[in-house]
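Biologist: Please show me the model, and then let us take its labels one by one. I would like to hear what stands behind each of them.

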Amino acid sequence: MIHYHGTPIGGSLDEAQRFMPGRHCLVSYHHPHQLDSVVELCQSFCLDNGAFSFWRSGKGEVDFHGYHEWVHKLAGHPCLDFCLIPDKIDGTVDQNDELVSKWLRVGSEVESAPVYHLHEPLDYLEYLVENFRTVALGSSGQYSQPNTKDWWIRMAQVMETACDKIGRPKARLHGLRMLDPQVFSRLPLSSADSTNAAVNSGAISSYGSYVPPSRHMRTAVIADRVEQFNSSSKWQSFQQEQLF
């Protein structure tokens, strides 16, 4: 699987650029200021519409047309994997379906992935995995916190819908905020992201007896710990029962 580290990477720009070569990064429309470095240095990258950040900060919704223009300035770049279609975190399935339809009407030269929110009906997920190459899974509503008991119960239902009879995904699945080995190692994800490495490299107390001397080295330690794990090759329904 591909491990996307969310930007901006903490520390100075020089430290961030030292971390990026050979990595995969996610750039948010809400925090785009390291985009030039990501484009030049990363092995590959994806583009996030920033809906989670806009929602959490209370700064309104994603500028649909502004985001579309921003994405398509990078159309054709060989290292751009996909972009996330604009979504509404706390919206209804009708609202999010309309955003997907609007994106398709406008047209996209970049592979585009819709977001399925875990609180939405499963038949909508079934539609998405049958009609898109990549579908992102977003924790939302009563399932907003990954790796909790309720979240795993819902994720089991999601996997039963998104996978075939032998547990293989019907589309490429991307886990939003799921770059935790305790999560993605149990799911058949093609990719996942988080800002863990970017945010927590400044928390020196979490490194134990040896603390790497520079910010980019601390970021690399966190990323390396995550990247040594892979996703599951298929969904096995018994797994969530072993977690609690």
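Modeller: Let us begin at a pocket: α3 gives the most to the lining of the second largest pocket, with three residues. α3 and α5 are the elements that each supply at least two residues there. Before we go on, this is a predicted model, in which local features need pLDDT of at least 70 and side-chain atom pairs count only at pLDDT 80 or more, while totals for chains, interfaces and linings use all residues. Residues are numbered from 1 along each chain as its sequence is written, and side-chain values use heavy atoms, with hydrogens and water left out.

Biologist: How much space is in the second largest pocket, and which residues are closest to its centre?

Modeller: Its volume, the space filled by probe spheres set on the joined grid points, is about 240 Å³. It is lined by 14 residues, and Glu61, Val62, Asp87, Lys88 and Leu99 are the closest to its centre.

Biologist: And what does the largest pocket look like by comparison, in volume and lining?

Modeller: The largest pocket holds about 810 Å³. Its lining has 39 residues, with Phe52, Arg177, Asp193, Ser194 and Thr195 nearest the centre. Again α3 supplies the largest share, five residues.

Biologist: How do the residues of that lining divide into classes?

Modeller: There are 14 nonpolar, 19 polar and six charged residues. Here Ala, Val, Leu, Ile, Met, Phe, Trp, Tyr, Cys and Pro count as nonpolar, Asp, Glu, Lys and Arg as charged, and the others, Gly among them, as polar.

Biologist: Why is threonine 195 called partly exposed?

Modeller: Buried means under 20% relative accessible area and exposed means over 50%, with partly exposed in between (1.4 Å probe, protein chains only). Threonine 195 has 42%, so it is partly exposed. This residue sits in the loop between β9 and α9. Its C-alpha atom is 11 Å from that of serine 28, although the two are 167 residues apart along the chain.

Biologist: And why is phenylalanine 82 called buried?

Modeller: Its relative accessible area is 5%, so phenylalanine 82 counts as buried. It belongs to strand β4 (residues 80-84). Contact means heavy atoms within 4.5 Å, and phenylalanine 82 touches, beyond four places in sequence, residues including Tyr4, Phe45, Leu47, Val110 and His174.

Biologist: How do you know that the buried residues of α6 line one face?

Modeller: In α6 (residues 122-131), the buried ones are Tyr124, Leu125, Leu128 and Val129. Seen down the axis, they fall within an arc of 130 degrees, so they line one face of the helix. The arc is that of the directions from the helix axis to the C-beta atoms. The face turned away carries the exposed residues Asp123 and Glu130. A helix has 3.6 residues a turn, so residues three or four places apart point the same way.

Biologist: What do the buried residues of α6 pack against?

Modeller: They pack against α5 (93-106), β6 (115-117), β7 (134-138), α7 (149-162) and β8 (172-175).

Biologist: What makes a set of residues a nonpolar core?

Modeller: The members are buried Ala, Val, Leu, Ile, Met, Phe, Trp, Tyr and Cys residues joined through side-chain atoms within 4.5 Å. The largest such core has 71 residues, of which Leu47, Tyr67, Leu137, Met155 and Leu187 touch the most other members. α7 provides the largest share of this core, seven residues. Leucine 187 is in contact with residues including Trp151, Met155, Met178 and Trp235.

Methods: Helices (H or I, at least four residues) and strands (E, at least two) are DSSP runs, numbered from the N terminus. On a 1 Å grid over the protein atoms alone, a cavity is a set of points where a 1.4 Å probe fits but cannot get out, and a pocket is an open set with protein on both sides within 12 Å along at least five of seven lines; lining residues have an atom within 4 Å of a point.
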